[in-house]
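Hi,

Here is the two-chain structure I said I would pass on. Have a look at it first, and then read my notes below.

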Amino acid sequence: MINYIIRRLLLVPLLLFGVTVLIFAMLQFLTPVDRAALYTRDLPKNERALEGIIKVYGLDRPLYEQYWRWLVGVRDPQTGERRGGILFGDFGWSRTGSQPVAQLIATRFPNTVDLTLWAVAPVILVGIWLGVQAAVHHNGFIDQAGRIFSIIGTSFPTFVFGLLVLMAFYAKLGWFPPGRLSDWASAVVNSPSFHHYTRLLTIDALLNGRLDIFLDALRHMVLPILTLSYINWATFLRVTRSSMLETLRQEYVTTARAKGLPEKDVIYKHARPNAMIPVVTLAGFSVVGLLGGVVITETVFNYPGIGSAAAAAASQLDVVTTLGFALFNGFILIVANLVVDILYAYIDPRVRLS
Amino acid sequence: MPESNNMPADNALLVETQPLREIGRLERLIGPENYRLLKGLLRTPASILGFTLIGLFVLIAILAPVLAPPLNPNDPYKIPRDGFSAEPRPMFSEWRRNAPSLPAWWKYVFDTEQWVHILGTSQGQYDVYYGIIWGTRTAFKTGLIVVFSTFLIGVIIGSISAYYGGVVDNVIMRIVDVMLTLPFILAALIMAAVLTPRIGRSLLPSLIALITFGWMGYARIIRGDILSIKERDYVLAARVIGVKDSRILLRHILPNAIFPTLVLASLAIGDVVLSFAALSFLGIGTDIGYADWGQVLSFARNWITSLDRYWYIVIWPGLTLVLFVMGWNLVGDAFRDVLDPRMRGRI
């Protein structure tokens, strides 16, 4: 086990290096002047001063030197302050957000975490439940219905599904609006009397004792959660079903049945725990995927998470901001994948022993 | 025809040895295993529905100039606009300005000389019907280009990796790992956004982006297949009689390893079109007014509050996209079923 973790840990710096190189390579498509946004917020208008900026931040230097500067930043010649430097968490200046990219991420990320928090249970638990039912009633009605559902589910583009539920539940019925909060609620949240303990809106609302704000925030998250559940259920259903079918064919299940155990115990106590091993990985990666920001879902519902911020910046061709999000995303994914892999090895002895 | 058929029929022993079923020309050409796959693909109702859907879209793409005659034949992908007002207009509303020529079949079906917006207009008076019809061509074009390129790159890199092994293999596979770290749609989005200022708004930025981040899966699959086929006896036999390595790879290993990947790749057209539409929907890629489904759908983004009135700007392009992707998914599912090793030997 220790061996496995060490081997897995050694991969992390390699991946981090790889992702930074990848993003740095994409930055090279920009002109030197555009890249200056990595280090400074105000760009002079005239040519001469622009050339000065390029000199100061070394934007015309060899690539390896630029890469190093991009990592650790550049000292400002006048003030001696460090400018830029992604290792210090400075991702540059966001033209479209009119604030540092890091700050933009800091305001948007809690919203994504909040959404993930509330989406995890319906996505994973219902998906697994569907899969187990389909396997237990193999080739029965539930199984066939699940099959059709998963075909339709995998064929439905997120944005089409999102627009359809908006049409039904917002435009027609007016139940669940898009966005983050109603106007009255955001006025309360932005007032000084509202304390931000965790920055997660639903939790903060509860801690402040404002049940109305909590419900309002939840109401705005219903449709994104529905969409995320819908597109993930199909995958969970498939994986759980096939793993469960495989397990039900094992001899120890036959033994359990032969001993005369009730069918319920055979399925839920003997078969299901062992069928969960591949599902756990899938669940892990789904949570990681949700945390990484779900670009399309957040955009369709105007939900102010990191996914929609990245999409908005990209559509306005604000590359420095978009790449900042990508970098952040890459870091999260690498760390979270590591955690999932280690948990997986912990659950499944076959992995850690091989 | 097998030669044994010409033998005297009264020889009971020879009759016994005759093949149980006739082996056709196609089966001889592509080999029994691939023939089984092909037959399995054309058997289930789901896959037949899938093939029908795909066939229907092929037909629409071919007949596009007949179904929706372009305003300017040199630039058929530009959706004609009936004026500039923002608000969508309902289905079958009359075409006031900029009407393209009437399709020949219209008179016979509806008995009128008036060309209308069959499926209404979207924001900015873009004709929805026209966008869907010509968008089908865009879909096939992008799908085929991306699938072909990613497949080619994947096969080349995967073969190099499996063939040389050792350090080369390790380095290539770590590069694949790194490129798979970022979520596909986010990576493609960034790549397209980076490229657009350089090469302008067109199909190209999205295409290049989808290709750049799309080949890794094929490289992994083909690498695995080659590694397992490398160990087969016939490869050893070829090596023993002194066949050159490159010839072994190209003539003996690759043809046997490539078929499943090839079919999987061609079935990925549905996914590629979906990703492409997603990028357009997010506002990256082609010029506004270019006939592609994601773009037509993205017009609906500004009308979320009144989608109950303007349902036709979501339903029709949405349904088109869903049916297209579903067609490929149904065929893909059937294919995965016949590829399942447990199904082997059953025809």
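Thr44(B) counts as partly exposed, because 16 other C-beta atoms lie within 10 Å, and a residue needs 20 or more to be called buried. Please bear in mind throughout that this is a predicted model. Thr44(B) sits in the loop that links helix H3 (32-41) to helix H4 (45-62) of chain B.

Arg199(A) is not a glycine, yet its phi is positive, near 75°. You will find Arg199(A) between helix H8 (183-190) and helix H9 (201-207) of chain A, in the loop. Arg199(A) is partly exposed, with 14 C-beta neighbours inside 10 Å.

Asn302(A) is another non-glycine residue with a positive phi, about 55°. Its loop runs between helix H13 (295-300) and helix H14 (306-315) of chain A. Asn302(A) is partly exposed too, having 16 C-beta neighbours inside 10 Å.

**The chains one by one**

Chain A has 16 helices and 4 strands. Along the principal axes, its C-alpha atoms fill a box of roughly 85 × 55 × 40 Å. Of its 354 residues, 39% are buried. If you take the chain A contacts between residues at least 6 apart in sequence, 67% of them join residues at least 24 apart.

Chain B has 16 helices and 2 strands. Its radius of gyration is 26 Å, whereas the globule rule gives 20 Å for 347 residues, so chain B is more spread out than a compact globule. The box for its C-alpha atoms, again along the principal axes, is roughly 80 × 60 × 35 Å. Buried residues account for 41% of the 347 in chain B. Among contacts in chain B with a separation of 6 or more, 71% are between residues 24 or more positions apart.

Helix H7 of chain A covers residues 158-172. Its 15 residues should span 21 Å at 1.5 Å a residue, and the end C-alpha atoms are 20 Å apart, which agrees. H7(A) has a kink of about 30°, centred on Leu166(A). Leu166(A) is also one of the buried residues of this helix, which include Phe159(A), Phe161(A), Leu163(A) and Met167(A). After H7(A) comes Gly174(A), with a positive phi near 70°.

Helix H7 of chain B covers residues 128-164, 37 residues in total. From first C-alpha to last, H7(B) reaches 52 Å, close to the expected 54 Å. H7(B) has a kink of about 30° as well, this time centred on Gly135(B). The residue that follows H7(B) is Gly165(B), where phi is positive and near 60°.

**Where the chains meet**

Which residues take part when the two chains touch? Chain B brings 42 residues to the contact and chain A brings 40. On the chain B side, the elements that give two or more residues are helix H8 (166-181), helix H9 (184-199), helix H14 (269-281) and H16. H9(B) gives the most, with 11 residues. By type, the chain B side divides into 30 nonpolar, 7 polar and 5 charged residues.

**The nonpolar core**

The largest nonpolar core has 177 residues. Those with the most contacts inside this core are Ala188(B), Leu189(B), Ile190(B), Met191(B) and Leu307(B). Helix H16 of chain B (residues 312-339) supplies the largest share of the core, 14 residues.

Best wishes

Definitions and conventions: Residues are numbered from 1 along each chain as its sequence is written. Chains are lettered from A and ligands numbered from 1 in the order in which they are written. This is a predicted model: local features need pLDDT of at least 70, side-chain atom pairs count only at pLDDT 80 or more; totals for chains, interfaces and linings use all residues. A nonpolar core is a set of buried Ala, Val, Leu, Ile, Met, Phe, Trp, Tyr and Cys residues joined through C-beta atoms within 7 Å. A residue is buried if 20 or more other C-beta atoms lie within 10 Å of its own, exposed if 12 or fewer, and partly exposed in between; C-beta atoms are placed from the backbone. The expected span of a helix is 1.5 Å times one less than its number of residues. The bend at a residue is the angle between axes fitted to the seven residues ending there and the seven starting there. Two residues are in contact if their C-beta atoms, placed from the backbone, lie within 7 Å. Ala, Val, Leu, Ile, Met, Phe, Trp, Tyr, Cys and Pro count as nonpolar, Asp, Glu, Lys and Arg as charged, and the others, Gly among them, as polar. The radius of gyration is taken over C-alpha atoms; the globule rule is 2.2 Å times the number of residues to the power 0.38.
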